[in-house]
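Here is a short briefing to read alongside the model. Have the sequence and the 3D view open, and let's walk through it together.

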Amino acid sequence: MLTVSSLTLSRGERILFRDLNLTLASGEAVVLTGANGAGKTSLLRAVAGFIRPDAGAIAFADADPGEARARHLHWLGHLDGLKGARRARDELAFQARWQGADADGIAAAIALLALAPLLDLEVRQLSAGQRRRLAFARLVAAPRPIWLLDEPFSPLDARWREAIGLLMRSHLDRGGAVLAAVHDPLPIAARAVDLGAGR
Amino acid sequence: MRALLVLWRRELALAWSGGGGPLLACGFFLCLTTLIPLAAGGDPAALKPVAGGIAWVALAVSSILSLERLFERDLEDGALDLIALGLAPLELVVIAKAKAQWLAVGAPLALVAPLAAITLGLPPMLAPLVGLTALIGGLGFALTGALGAALALGSKRGGLLIAVVVLPLFIPPVVFGAGALERAASGLSPAPAGAFLVAWVLFAAVVAPFAGAAAIRNAQG
């Protein structure tokens with residue numbers, strides 16, 4: 001689904017890594033590990049098209065990069081992109097529909113992530129874990145094959161780590177793939193790619 | 001198109017509910033059009049020849065107030081990353097945001113502009129022309145304002161930078177819009193200046209989406 005070839009990435013004058021090769025197959029989860037500053041988030045951002053690599057290529061199996069980024073990728077970064085002053089219902093509707101969800105998909109996401117009691121609250125009234133569940137809902141509501149996740153579990157309690165682990169397992173079983181930057185292990189089996197100690 | 005409609009409705013909701021919306025722009029505009037005559041001595045005969053110009057300068061400055069909201073907040077809270085991976089390209093995102101800005105700020109300003117212009121000394125019969133030109137110019141302000149907001153993304157004191165970038169781009173519509181009013185007040189046809197105003201808006205509609213999208217991509221990296 002995704003092939004990263006001979007990738008060199010730098011931020012400013014600092015080279016994060018050189019000649020990185022990585023593949024992500026259908027049904028596979030890959031975790032990026034490494035010290036702070038090793039380039040985990042930057043690699044995810046490069047795959048998402050937010051950062052231009054210094055050298056190398058990022059290719060998607062079934063689409064050109066532009067098409068893949070518009071229809072095949074989900075991004076869940078450190079920041080959840082939610083507006084504090086808006087109701088959770090409105091933010092979920094926007095985030096999910098903007099990425100192609102329909103009403104049935106949104107309803108399913110609400111049920112799976114137990115969001116119904118939160119929908120009429122303003123986002124600023126939600127806890128960090130509730131916000132993360134709300135942000136995660138768009139991944140469930142709008143099916144896209146590749147999930148790019150940056151520390152997806154950090155604000156979640158044990159119960160919701162396990163529940164979202166099951167959702168990830170279900171996504172992989174349907175032929176999807178997960179590429180995640182983590183410090184803590186994922187609650188599902190995953191292949192690890194260590195980016196090292198950073199420079 | 002449905003995705004763009006979703007974005008557009010969100011932008012309108014943010015513009016109307018958050019700070020920097022239509023009330024702020026209209027209030028600021030009315031304050032300016034009140035202060036400038038007071039500072040100029042308040043002589044109606046002296047104000048009358050420059051009434052259209054004062055109204056247009058006030059429109060331009062009032063249009064800048066909420067531009068920082070357009071992209072900067074989405075960059076700060078991560079929404080811009082999500083938006084970049086949506087079904088519509090960033091060029092159309094710029095257009096959708098500019099259109100929402102126009103409806104949230106430009107259109108309300110076009111409604112109050114005739115009142116202010118008449119108060120400044122323009123003949124009441126020119127009120128529809130003031131509103132129409134302000135509406136057309138407001139679209140241009142929104143488009144070039146969106147470009148300025150995208151160029152200032154991620155910079156410290158982005159609001160000030162937006163003003164510095166955008167104000168020179170606002171000179172043509174101010175000249176053409178005020179020119180149309182001046183010609184009409186003199187009994188001449190406002191059409192030539194109005195045509196230049198429309199042409200400038202079309203130019204902005206072509207340039208702003210591409211340049212704005214490129215600036216957003218640059219800021220995301």
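## Strands, helices and a chain contact

In chain A, Trp147(A) stands opposite Val178(A) of strand E7(A). This is a predicted model, in which local features need pLDDT of at least 70 and side-chain atom pairs count only at pLDDT 80 or more, while totals for chains, interfaces and linings use all residues. Residues are numbered from 1 along each chain as its sequence is written, and chains are lettered from A and ligands numbered from 1 in the order in which they are written.

**The sheet of chain A**

- Strand E6 (residues 146-150) and strand E7 (residues 177-181) of chain A run parallel and are joined by five bridges; two strands pair if DSSP finds at least two bridges between them.
- Both belong to an open sheet of five strands with parallel pairing, in the order E5-E6-E7-E3-E8 (chain A).
- At the edges are strand E5 (73-76) and strand E8 (191-194) of chain A, each pairing on one side only.
- From one strand to the next, the twist averages 15°.
- Helices (H or I, at least four residues) and strands (E, at least two) are DSSP runs, numbered from the N terminus.

**Two helices of chain B**

- Helix H8 (residues 127-151) and helix H10 (residues 171-185) of chain B pack at an angle of about 170°, with their axes 10 Å apart.
- Axes are lines fitted to C-alpha atoms, for helices over the stretch in contact, and angles run from 0 to 180 degrees between N-to-C directions.
- H8(B) and H10(B) are therefore roughly antiparallel to each other (under 35 degrees is roughly parallel, over 145 roughly antiparallel, 65 to 115 roughly perpendicular and the rest oblique).
- Their contact includes Leu129(B) and Phe141(B) of H8(B), and Pro173(B) and Leu181(B) of H10(B); residues are in contact if their C-beta atoms, placed from the backbone, lie within 7 Å.
- By class, this contact of H8(B) with H10(B) has seven nonpolar, four polar and no charged residues.
- Ala, Val, Leu, Ile, Met, Phe, Trp, Tyr, Cys and Pro count as nonpolar, Asp, Glu, Lys and Arg as charged, and the others, Gly among them, as polar.

**Two helices of chain A**

- The axes of helix H3 (residues 88-98) and helix H4 (residues 103-112) of chain A come within 10 Å and cross at roughly 125°.
- H3(A) and H4(A) are therefore oblique to each other.

**Where the chains touch**

- The contact takes 19 residues from chain B and 21 residues from chain A.
- On the chain B side, H1(B) gives the most, with six residues.
- That side of chain B has ten nonpolar, six polar and three charged residues.

Terms used:
Two residues are in contact if their C-beta atoms, placed from the backbone, lie within 7 Å.
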